[in-house]
Amino acid sequence: MNMQSPRPAVRTTCPYCGVGCGILATPDGAGGLHVAGDPGHPANFGRLCVKGSALGETVGLKGRLLAPRIGGREAGWDEALDLVARRFSDTIAAHGPDSVAMYVSGQLLTEDYYAANKLMKGFVGSANIDTNSRLCMASSVAGHRRAFGSDTVPGLYEDLEGADTVVLVGSNLAWCHPVLYQRLAAAREARGTRVVVIDPRRTATCDIADLHLPLAPGSDAVLFNLLLAEIDRRGLVTETPDGLADALAAARATLPAATGLPHSALRQFLDLWCGSERVVTVYSQGINQSDSGTDKVNAILNCHLATGRIGRPGTGPFSVTGQPNAMGGREVGGLANMLACHLDIEDPAHRDAVQGFWRSPRMASRPGLKAVDMFRAVEEGRIKALWIICTNPAVSMPEADRVARAIKGCDFVVVSDMIARTDTTRLAHVLLPATGWAEKDGTVTNSERRISRQRRTLAPAGQARDDWRIIADVAARMGWPEAFAWDSPAQVFAEHAALSGVAGALGSDFDISDHAGITQAGYDALGPFLWPQSSRRRGGRFFGDGRFHTPSGRARMIAVTPRPPQPLSEAWPFRLNTGRVRDHWHTMTRTGLSPRLSRHLAEPFLELHPTDAARLGLVPATLAEVTSSHGRAILRVLVTDRVAPGHPFAPIHWTGETAPSGRIDALVDGLADPVSGQPASKSAPVAIRPFAAAWYGFAVSAHPITPGCDYWARATLPAGHQAELAGRGEPGDWADAARRMLGVTGDPLVVRDPRNGILRMAFIQNGRLSAALFVAREPAALSRSHVVAALGGDCRGDILAGRPGADQPDPGAVVCACFGVGVNTILGAIATQDLTTVEAIGKALGAGTNCGSCRPDLKGLLVSARARAVDLC
Ligand SMILES: Nc1nc2c(c(=O)[nH]1)N[C@H]1C(S)=C(S)[C@@H](COP(=O)(O)OP(=O)(O)OC[C@H]3O[C@@H](n4cnc5c(=O)[nH]c(N)nc54)[C@H](O)[C@@H]3O)O[C@H]1N2
Ligand SMILES: Nc1nc2c(c(=O)[nH]1)N[C@H]1C(S)=C(S)[C@@H](COP(=O)(O)OP(=O)(O)OC[C@H]3O[C@@H](n4cnc5c(=O)[nH]c(N)nc54)[C@H](O)[C@@H]3O)O[C@H]1N2
Ligand code: SF4
Ligand SMILES: [Mo]
């Protein structure tokens with residue numbers, strides 16, 4: 001094969017967030033990919049955010065799991081599959097179907113997910129299959145089912161563009177659904193959409209907010225009850241859903257104090273919402289991840305149901321999904337309390353229909369264990385064989401240390417992942433290498449119910465196999481070869497579509513039976529489409545006709561009595577909020593491979609209000625030790641009034657691989673919503689105190705860094721690696737410690753100033769900088785971008801100054817990841833070229849003109865530059 005021959009672009013779908021952007025991927029002939037937004041895809045019309053744009057940097061073989069492993073040694077596929085099948089079969093024979101479990105993921109493709117659900121519910125005969133969507137969408141699912149009688153997202157993305165008012169509640173859309181945010185920002189620009197952000201924290205999303213309501217954490221149900229009472233007072237109730245009177249009574253009984261919002265802001269919100277016939281309320285994890293998340297979802301849905309603002313253009317509640325296939329997982333029944341195709345596991349007629357379709361020997365007859373309970377059962381030895389696929393629970397589950405211990409103590413643990421070293425793969429008896437995004441074929445469903453093809457563009461890495469095939473091969477070895485005899489994902493999809501026809505006949509909203517007879521060619525050519533797709537119904541919005549999926553056909557309003565979040569105490573006086581950053585994805589197994597994505601925020605941090613910081617004696621850029629009744633973390637202190645006093649924020653992304661003391665879920669309680677089982681991941685009671693570091697450090701190396709000190713956080717660079725470091729005690733021999741840490745040999749150049757504990761070392765090999773270490777008693781003050789840029793380049797001793805010489809500009813921390821434009825460069829250009837708009841910055845420097853993810857940051861810099869200019873006058 002000619003490695004250089006240009007190949008045509010392949011239409012595929014982004015593997016990150018639930019926006020589900022279409023991508024044109026072109027193999028570069030050397031194992032890599034060029035990616036661009038697909039102008040023809042209705043989710044993004046050609047746009048991509050920074051994570052999508054950087055996909056090409058993450059498809060290499062670095063870090064991949066390339067062959068099956070048993071007990072740490074490489075093994076053949078047959079041996080590994082035989083072992084998995086035998087251990088699962090033996091455990092079931094000895095202890096019954098409920099003694100085994102699968103924990104899967106909203107990042108699996110629908111075909112993978114379908115296979116896993118069929119195996120567990122229909123053939124093992126247990127519903128002990130749950131998914132990380134339990135941590136993500138479970139409260140939305142439960143809220144939808146209570147209100148609509150089905151887990152249906154009624155609206156479409158275009159409704160955000162057609163609305164007069166868009167309310168974003170518990171959603172940092174700018175960072176977490178960037179392309180949808182860009183579509184909203186463009187609509188606002190074009191037609192003056194009013195945007196309300198409801199979030200205790202002032203996020204990047206507030207950049208386009210006409211109104212930001214920094215409500216007290218957990219008080220959303222109070223706010224939406226107040227809204228419902230106001231809707232009633234103004235005579236805006238136009239519909240008569242079931243439960244209307246009780247819901248109104250509960251709403252009228254709700255007092256505003258708990259929101260902590262000033263009367264004027266509250267009034268403004270009520271006026272805006274009530275005054276906009278076309279209103280969309282978008283909600284996400286600030287609502288779902290709560291011990292009363294389902295009630296909060298219903299408090300929102302109530303307002304739309306009472307006013308009939310649902311199912312029509314520019315209206316509706318809108319649960320934006322996190323993972324690329326969170327929706328597809330719900331469609332196949334990946335949650336322990338669902339069946340398949342939105343059918344009910346509790347309904348005998350539904351169970352019989354699915355069992356008949358699958359011709360399966362048995363059928364789970366009751367809901368299985370939800371994630372938190374599942375890992376408790378693992379801990380207690382009730383689950384004796386566990387298969388984890390496409391998720392990293394040792395990091396992402398609440399009480400993560402306890403979950404990791406439970407997995408470690410389990411008799412038999414299988415992990416399917418594409419990456420060799422994660423906090424979870426470390427605990428497995430058997431590791432199965434899965435193909436990654438660019439290597440697999442299948443479908444995903446985005447937040448607006450649009451099913452898109454993900455298409456294979458690269459050959460599988462090493463011996464990696466597709467998840468659906470691995471599951472089917474194990475099922476065959478467990479005795480059910482005929483039921484899992486698919487040859488391709490197209491066949492799995494066809495079967496799923498056929499089953500959805502059976503479900504549709506039983507009244508399910510999810511019905512794509514138009515595709516039941518799809519051929520390989522049809523599957524190859526399949527363009528993005530909205531479900532449902534059947535002779536009964538095709539595409540469009542749900543519920544505009546006032547017909548719902550409840551037995552009465554009417555919607556149900558739920559009487560919500562708001563509950564405050566878990567109380568704080570003297571021992572744990574802070575409520576820790578947790579969430580995402582712009583350029584990283586979850587536990588970073590993929591985004592961490594991209595140097596570009598690692599520049600925006602390179603270590604775990606704690607956003608703390610200035611009054612809290614002052615009270616705790618915490619200086620910016622030092623380290624804080626955060627503890628809870630479950631665990632401990634050490635985080636960089638970022639003092640900011642973006643957060644409220646008493647309510648700090650920390651990101652979720654760091655792990656045992658990247659920053660072992662930054663694992664946030666080690667702190668988070670397993671407390672879950674009683675209806676949905678979704679954990680309250682946004683409100684961990686914690687204590688905070690300074691971490692007594694004797695020294696702070698920053699290191700770069702062309703080789704992998706293995707720090708081994710009390711605090712470290714490492715990240716990938718174009719020419720190697722970097723790490724932030726700190727320790728309580730100093731090593732006896734720094735040069736020796738540095739060689740071990742930085743993977744280098746030889747004697748370094750050294751600069752030392754014992755008075756302030758400054759020690760700087762540079763390792764130079766063949767005239768090039770191969771590693772450097774900067775140590776001080778205070779947080780290392782040096783230009784990281786300068787040192788990073790110097791790594792691997794010609795080097796004289798002057799790198800030990802830690803900053804550029806007077807003749808070299810220092811670009812500062814990277815703001816625009818696409819073009820690598822630093823904060824100093826931007827501030828300099830704003831000042832010298834008199835730039836006043838984000839567009840002008842783009843023209844001058846290129847920053848913000850590709851994916852647009854940094855545009856809120858650029859706007860922030862314009863504001864701070866203006867403030868500085870005023871200060872100087
Ligand atoms: N860059 C990036 N994007 C992602 C992901 C990622 O890892 N990185 N992950 C994807 C996934 S799986 C998901 S689920 C989504 C999540 O997307 P989002 O839900 O938008 O993201 P989060 O940062 O988890 O939380 C959203 C906001 O909830 C706020 N919040 C906390 N407590 C409360 C409260 O009591 N009330 C209200 N109203 N707000 C509160 C937080 O301050 C935070 O700003 O993002 C998806 N997109
Ligand atoms: N405190 C707190 N905790 C949270 C949250 C929060 O906001 N706060 N958010 C929660 C939410 S919403 C979510 S969605 C979870 C996410 O948490 P996780 O699902 O644990 O996070 P990921 O890093 O996405 O894990 C995916 C794993 O699958 C692997 N992988 C990728 N592609 C494939 C594939 O095709 N096949 C296989 N077999 N493996 C693959 C990756 O390498 C990685 O190890 O975290 C939850 N935890
Ligand atoms: S918004 Fe970004 S992460 Fe989400 S699907 Fe689109 S390109 Fe991927
Ligand atoms: Mo999620």
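Me: Between which strands is the loop where Pro-532 is found?
Reply: Pro-532 lies in the loop between β18 (529-530) and β19 (574-579). Strands here are DSSP runs of E of at least two residues, and helices are runs of H or I of at least four, both numbered from the N terminus. The peptide bond from Trp-531 to Pro-532 is cis, with omega near 5°.

Me: What is this model, and how are its parts numbered?
Reply: This is a predicted model, in which local features need pLDDT of at least 70, side-chain atom pairs count only at pLDDT 80 or more, and totals for chains, interfaces and linings use all residues. Residues are numbered from 1 along each chain as its sequence is written, chains are lettered from A and ligands numbered from 1 in the order in which they are written, and side-chain values use heavy atoms, with hydrogens and water left out.

Me: What pLDDT does the protein chain average?
Reply: The average is 94, and 98% of the residues score at least 70; pLDDT is the predictor's confidence in each residue, from 0 to 100. Over residues 869-873 pLDDT stays under 50, and the model has zero contacts there beyond four places in sequence. A contact means heavy atoms within 4.5 Å.

Me: Why is α3 called roughly parallel to α18?
Reply: The axes of α3 (residues 110-124) and α18 (residues 467-477) cross at roughly 20° and come within 7 Å. Angles under 35 degrees count as roughly parallel, over 145 as roughly antiparallel, 65 to 115 as roughly perpendicular and the rest as oblique. The pair is therefore roughly parallel. Axes are lines fitted to C-alpha atoms, for helices over the stretch in contact, and angles run from 0 to 180 degrees between N-to-C directions.

Me: What is the value of phi in Arg-359?
Reply: Phi is near 45°, a positive value in a residue other than glycine. Arg-359 sits in the loop between α14 (348-358) and α15 (371-379).
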